[in-house]
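Here is a friendly briefing to read with the model open beside you. Please keep the viewer at hand as you go through the topics.

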Amino acid sequence: MLHIFLLFSLIFTSTNVLAQDFCVANTDSGIVTPSGYPCIMEANVTSDDFAFSGLGVPGNTSNIISAAVTPAFVGQYPAVNGLGLSAARLDLAPGGVIPMHTHPGANELLYVVHGHITCGFISSANKVYLKTLKRGDVMVFPQGLLHFQINAAGKRPSLAIVTFSSPNPGLQILDFALFANDLPSSLLEKSTFLDDAQVKKLKGVLGGTG
């Protein structure tokens, strides 16, 4: 019995010594893998590394979408490296919109701090799930599905905080993917069923060529 007790004590002690509580990212390393960034040395980690104040600052909504996203992903908040989560702040002026987009690497949970935000996502079966949220409401957006947020109902700015199930959720905005690149207009017209004038107008607005 004593031998068993000593064996378990040895296993527990070894595991405890080898356990790694966190891996604050060395974002200056130039190395990033699917598992994340390499860690900075634990001796160089301080309490400041685990705090992030960026989400307390309103974003600039003076732009084409009248909205702003302030990320707290691993690139801005190295402490979330390897922890499977991150966050962002969404500021939407009246009429502001976070356009149709997808996060290839994460689920998203949105919490409305104030205002009214109309949210929706489209399933792979092309079914639309749409809801207008008010203060205190939450909505989840499954990984990889197209979704959007609009301050359509309110006459005042709206604010939401979103969390993601990855430190680096990724982002692809549909409008920019289609019209902010050099994909030839003739191919876009065939694949989107838009006419030449519409495609060229959208390319002109979003900075595309071709």
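Predicted model: local features only at pLDDT ≥ 70, side-chain atom pairs only at ≥ 80, totals over all residues.

**Strand pairings around β9**

L92 has S158 of β9 as its bridge partner.

- β2 and β9 run antiparallel and are joined by 7 bridges.
- β4 is also joined to β9, here by 6 bridges, and this pair runs antiparallel too.
- How many of the 7 residues of β9 are buried? The count is 5, so β9 is largely enclosed by the rest of the structure.

**The open sheet**

- An open sheet is built from 5 strands, and reading across it gives the order β6-β5-β8-β3-β10, with antiparallel pairing.
- The edges are taken by β6 (128-133) and β10 (172-173); each has a single partner strand, so one side of each is left without a neighbour in the sheet.
- C119 has Q149 as its bridge partner in β8.

**C119 and the nonpolar cores**

- Which residues touch the most other members of the largest nonpolar core? They are L90, L110 and C119, in a core of 19 residues.
- At least two residues of this core come from each of β2 (86-92), β4 (108-114), β5, β7 (138-141) and β9 (158-164).
- Another core lies apart from this one; it has 9 residues, including A25, A72, Y77 and A79.
- Is C119 buried or exposed? With a relative accessibility of 0%, C119 counts as buried.
- Neighbours within four places in sequence aside, C119 is in contact with L110, Y129, L130, K131, L133, M139, F141, F148 and Q149.
- Two of the names in that contact list have come up already: L110 is, like C119, among the core members that touch the most others, and Q149 is the bridge partner of C119 in β8.

**Salt bridges**

- Searching the whole structure turns up 3 salt bridges. The general idea is that side chains of opposite charge can pair when their charged atoms come close.
- R89 and D91 form one of them, with the closest N and O atoms 2.7 Å apart. Both R89 and D91 are buried.
- K134 and D137 form another, and here the closest N and O atoms are 3.7 Å apart.
- K134 has a relative accessibility of 47% and so counts as partly exposed. D137, at 22%, counts as partly exposed as well, given that buried means under 20%.
- D196 and K200 also form a salt bridge, with 3.3 Å between the closest N and O atoms.
- Where do D196 and K200 sit relative to each other? They are 4 residues apart in helix α4 (residues 196-206), which means that about one helical turn separates them.
- D196 has a relative accessibility of 33% and counts as partly exposed.

**The disulfide**

- The structure holds 1 disulfide. This disulfide joins C23 to C39, with an S to S distance of 1.9 Å.
- C23 and C39 both lie in the loop between α1 (2-18) and β1 (67-72), so the pair ties together parts that are 16 residues apart in sequence.
- The torsion about the S-S bond is about -105°, so the disulfide of C23 and C39 is left-handed.
- C23 is buried, with a relative accessible area of 14%, whereas C39 is partly exposed, with 34%.

Definitions and conventions: Residues numbered from 1 in each chain as written. Heavy atoms only, no water. Pairing = 2+ DSSP bridges. Salt bridge = Lys/Arg side-chain N within 4 Å of Asp/Glu carboxyl O. Buried < 20%, exposed > 50% of the residue type's maximum accessible area, 1.4 Å probe, protein only. Core = buried A, V, L, I, M, F, W, Y, C linked by side-chain atoms within 4.5 Å. Contact = heavy atoms within 4.5 Å. Disulfide = S-S within 2.5 Å.
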